[in-house]
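Keep the structure open as you read.

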Number of protein chains: 2
Amino acid sequence: MSLSSSSDPVLVEVLRGDMVECVHRGAAVVCDADGKVVFSIGDVDKAIYPRSAIKALQALPLVESGAADRYGFGDAELALACSSHGGEARHVETAAGMLAQAGLTETTLECGAHWPSGTAATHALARSGGKPSALHNNCSGKHSGFVCFACSEGIDPRGYVGIDHKVQRFVAEAVGEVTGHRLDADTAVGTDGCSIPTFAIPLKNLAHGFAKFATGEGVGPERAKAFARLRAACAAEPFMVAGSGRFCTDVMGLFGRRVFVKTGAEGVFCAALPDQGLGIALKCLDGASRASEVMMATLIAKLLPMDAAEAAKFGRFVNPVMKNWNGITVGTLRPTFS
Amino acid sequence: MSLSSSSDPVLVEVLRGDMVECVHRGAAVVCDADGKVVFSIGDVDKAIYPRSAIKALQALPLVESGAADRYGFGDAELALACSSHGGEARHVETAAGMLAQAGLTETTLECGAHWPSGTAATHALARSGGKPSALHNNCSGKHSGFVCFACSEGIDPRGYVGIDHKVQRFVAEAVGEVTGHRLDADTAVGTDGCSIPTFAIPLKNLAHGFAKFATGEGVGPERAKAFARLRAACAAEPFMVAGSGRFCTDVMGLFGRRVFVKTGAEGVFCAALPDQGLGIALKCLDGASRASEVMMATLIAKLLPMDAAEAAKFGRFVNPVMKNWNGITVGTLRPTFS
């Protein structure tokens, strides 16, 4: 398995003026719930770290255990559990509220603190003389879900980010079942930015998993119910999944229940198209989000029926324009596959 | 000319745990002052936008015209004219001071305003209730140099970012002479982030140009003097070329006059090794700075004699470690060429 195989094509070009300034290679695959590959480009059998793109699957124990019900979590809380948020006020407050429902505070979180990934939120926090806490970490919703699950189940949350902790074992079991890729001692594993393990999973398995997530097919009725609930939560509260001006929020805001989409660090993207019964997984091999977004937008444009008004609004995601500090258009990104 | 040619090899791998998570392709070339290629990898005949990596060449009219002398510019001002700075207090004050020497203010600058690229500087500015001005733009030193040159020459600075303005024509003439690549109406040109034109130049010509910059060979005595003065300024004031915790500042801080190195947006790097009489130019094809830095560090480690203590200090640039929000080491970058 090599990420540098010659089969990895250029999928996105970055133009400045009329010249290609940069290129981004990648691999992408679309599956149905039977695991049939509907479209693929590049090496899609290679295992990649899915990073935050599978947060919706990592939230399954929270929902399936009954913890989300016990603590009265609605759409906002469940969407935040699936999120990589910008650390904006409502994100931070909602994470704190999730913890409070389980009688916890941010001191339980083991994700580490960082300045909000949302620029305006960072400026506001600095202006107020504040400092970032674990609640501002873009993963605080997922982590709040983890510790709420632990408390509901009577599991000591301390050390919950560890690969051998019961919380991560429940999470890995759910992800392994949905993707059909067992996560065990033989699986390559890394440590994520927020300190939880991230297991390597082939792109094709990820796409198959998100086709199940899209449809509820191929899983039991309880899991299908959890899938539907998580999808509905993200569709109802797309702001909670990312934040102001972010791809996931804006695309789910545009298409509602027709598209679930979630980014992950280092150029990963997963999506579910419920009406088409399809799952999508892709990776930009150099890790660039600007390119993984164009790849995902291109696949959505290809697979999702949309009317002319929607297509017009969606165009800026397929062919983003780059402006400079004076607001002058200096370049564009364009997909080189279709 | 295509950036997606199969001759572009993987030059840097990003590991998380034991697995390669991302790869970066690129091209790099080392030349001597005669233009002889000492080392090359990838397609180095391709023209790229050098972006900010050639700011030292763009500063030539400021020095050669006598404007720098007229306004009493020392090492700090000349280093800032060659910089992509972090918008830290000393950068901002020095740019303002350059303008003041010519009787100008920041309103003359046409680079646009943006929040400091230095994180701590952005937090400090927000905490103080301030807003960014053109002085915080990472290119404000270069632009201050442009307008000071204009004023010294009796050229109206208004519109100085335009490709047909006298300032840019003088700059393009100097860059074209040094790189041996004439910049004219047939040259591909884009608009840079700070609104000035950026002309496409083959990597090999850039490396040759920086070998001349390293040695003063192949140019007239006045230009050789200007080269030496700009190199000495950056060696004496490496902080002014970039800022706290930045590659260019730290590497020039470590090696002093033995290395001149300057980054450019979208994965470009140029360098000069005076004692070896060599120039280096490289581009990471996906535009990632993390990879262009490893490529440059690898070439410096290969070409520059250094003692054991220096090599130990320099190791973190050749094989950077990635830490997560809890300070845990989660990965490394490594070059795949030598």
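How many residues lie between S1(A) and S2(A) in their hairpin, and which residue in the turn has a positive phi? Two residues separate the strands, and Gly17(A) is the one with positive phi, at about 60°.

This is a predicted model. Chain A has a mean pLDDT of 96, and 98% of its residues reach 70 or more. The scores are ipTM 0.97 and pTM 0.97.

| Partner of S2(A) | Sense | Bridges |
|---|---|---|
| S1(A), residues 10-16 | antiparallel | six |
| S10(A), residues 278-284 | antiparallel | seven |
| S3(A), residues 37-41 | antiparallel | four |

Val23(A) of S2(A) faces Glu13(A). Val29(A) has Ser40(A) of S3(A) as its bridge partner. Asp32(A) stands opposite Leu278(A) in S10(A).

S2(A) also forms a hairpin with S3(A), with four residues between them. In that turn, Gly35(A) has a positive phi of about 90°.

**The second largest pocket**

The second largest pocket has a volume of about 1,300 Å³. It is lined by 43 residues, and those closest to its centre are Ser117(A), Arg246(A), Thr263(A), Ser289(A) and Glu293(A). Elements giving two or more residues to the lining include helix H13 (289-303) of chain A and strand S11 (321-323) of chain B. The lining divides into 16 nonpolar, 15 polar and 12 charged residues.

Key:
Residues are numbered from 1 along each chain as its sequence is written. Chains are lettered from A and ligands numbered from 1 in the order in which they are written. This is a predicted model: local features need pLDDT of at least 70, side-chain atom pairs count only at pLDDT 80 or more; totals for chains, interfaces and linings use all residues. Side-chain values use heavy atoms; hydrogens and water are left out. pLDDT is the predictor's confidence in each residue, from 0 to 100. On a 1 Å grid over the protein atoms alone, a cavity is a set of points where a 1.4 Å probe fits but cannot get out, and a pocket is an open set with protein on both sides within 12 Å along at least five of seven lines; lining residues have an atom within 4 Å of a point. Grid points are joined across faces, edges and corners, and a volume is the space filled by probe spheres set on the points. Ala, Val, Leu, Ile, Met, Phe, Trp, Tyr, Cys and Pro count as nonpolar, Asp, Glu, Lys and Arg as charged, and the others, Gly among them, as polar. Two strands pair if DSSP finds at least two bridges between them.
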